[in-house]
Amino acid sequence: HAVHAGYADGAQQPADGRRDQTDKQRHQHRDRHRGTGHHPGFGFSPQSSAHDLAGLELYLEAFVEMLELTDYDVCGSSMGGALALSHTLRVPEQVRRLVLVGTYGIQPGMAMHPWNAFWVRLPWVVDFARFAALNPFFVSFSLSSMLNKAPFDGDLVMQVREAALNTPALDTFNDFQRHELDWWSNKTDLSPHLGRISQQTLLIQGSADLILSVSDAQRATQL
């Protein structure tokens, strides 16, 4: 089961890359055959009040129950990493292995934390992001600024732009950020509980990520 990250992750294509399908068909195909679903308010999933980690935990448990999973692997990226970790801690008897990619939830705070906490609370920030997404250059610039000028191909940029303009994901992810970012720290820091994780775990963190640091991932491996 894969647990996705913030709004841009909803733009990614399924692994089979079937471009002859509509976006909705690809989403449904992915849900049925890969155990991957968009969180409420992302992709084609309807919005709900589950915009904080506690609400998403309930959603994920219901999703797992719907698929009747009892012995499964979980992969989570960024926001989804915290959800995967929390889920594993809640139902350790069900999770077989764990993969965390650039995960949130293992650090007390983010890079430039007070500025990020201030930025996500600006009343016009979502409208500004949606306006900027009209221009593919600004989408590419935004992605590069978060990932230390890493290159992005035009296809990915256009998919992220599509997600920003035509889904409620920007609003949903902004609500999540407002819930999770206190002024000086993250509300969710699962690092004190990492010693309870007995499952085989793969932790992946890129050095180009300017938001979630390699040092946090290295520290987590020692806990």
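This report describes selected helices and aromatic rings in a predicted model.

## Basis of the description

Residues are numbered from 1 along each chain as its sequence is written. In this predicted model, local features need pLDDT of at least 70 and side-chain atom pairs pLDDT 80 or more, while totals for chains, interfaces and linings use all residues, and side-chain values use heavy atoms, without hydrogens and water.

## Helices H6 and H7

Helix H6 (residues 136-146) packs against helix H7 (residues 154-166) at about 100°, with the axes 9 Å apart. H6 is therefore roughly perpendicular to H7 (angles of 65 to 115 degrees). Helices are DSSP runs (H or I) of at least four residues, numbered from the N terminus.

Pro136, Val139, Ser140 and Leu143 of H6 meet Val157, Met158, Val160 and Arg161 of H7, where contact means heavy atoms within 4.5 Å.

## Helix H8

Helix H8 (residues 169-180) has twelve residues. Its buried residues include Leu170, Phe173 and Phe176; buried means under 20% relative accessible area, exposed over 50%, and partly exposed in between (1.4 Å probe, protein chains only). Among the elements covering the buried residues of H8 are helix H2 (53-67) and H7.

## Aromatic rings

Rings of Phe, Tyr and Trp (its six-membered ring) pair if their centres lie within 6.5 Å; planes under 30 degrees apart are stacked, over 60 edge-to-face and the rest tilted. The count comes to ten aromatic pairs. Trp115 and Trp119 form a tilted pair, 5.7 Å centre to centre with 35° between the planes.

Trp119 is partly exposed at 28% relative accessibility. The rings of Trp119 and Trp124 have centres 5.7 Å apart and planes at 90°, so this pair is edge-to-face.

Terms used
Axes are lines fitted to C-alpha atoms, for helices over the stretch in contact, and angles run from 0 to 180 degrees between N-to-C directions. Helices (H or I, at least four residues) and strands (E, at least two) are DSSP runs, numbered from the N terminus. Angles under 35 degrees count as roughly parallel, over 145 as roughly antiparallel, 65 to 115 as roughly perpendicular and the rest as oblique. The expected span of a helix is 1.5 Å times one less than its number of residues.
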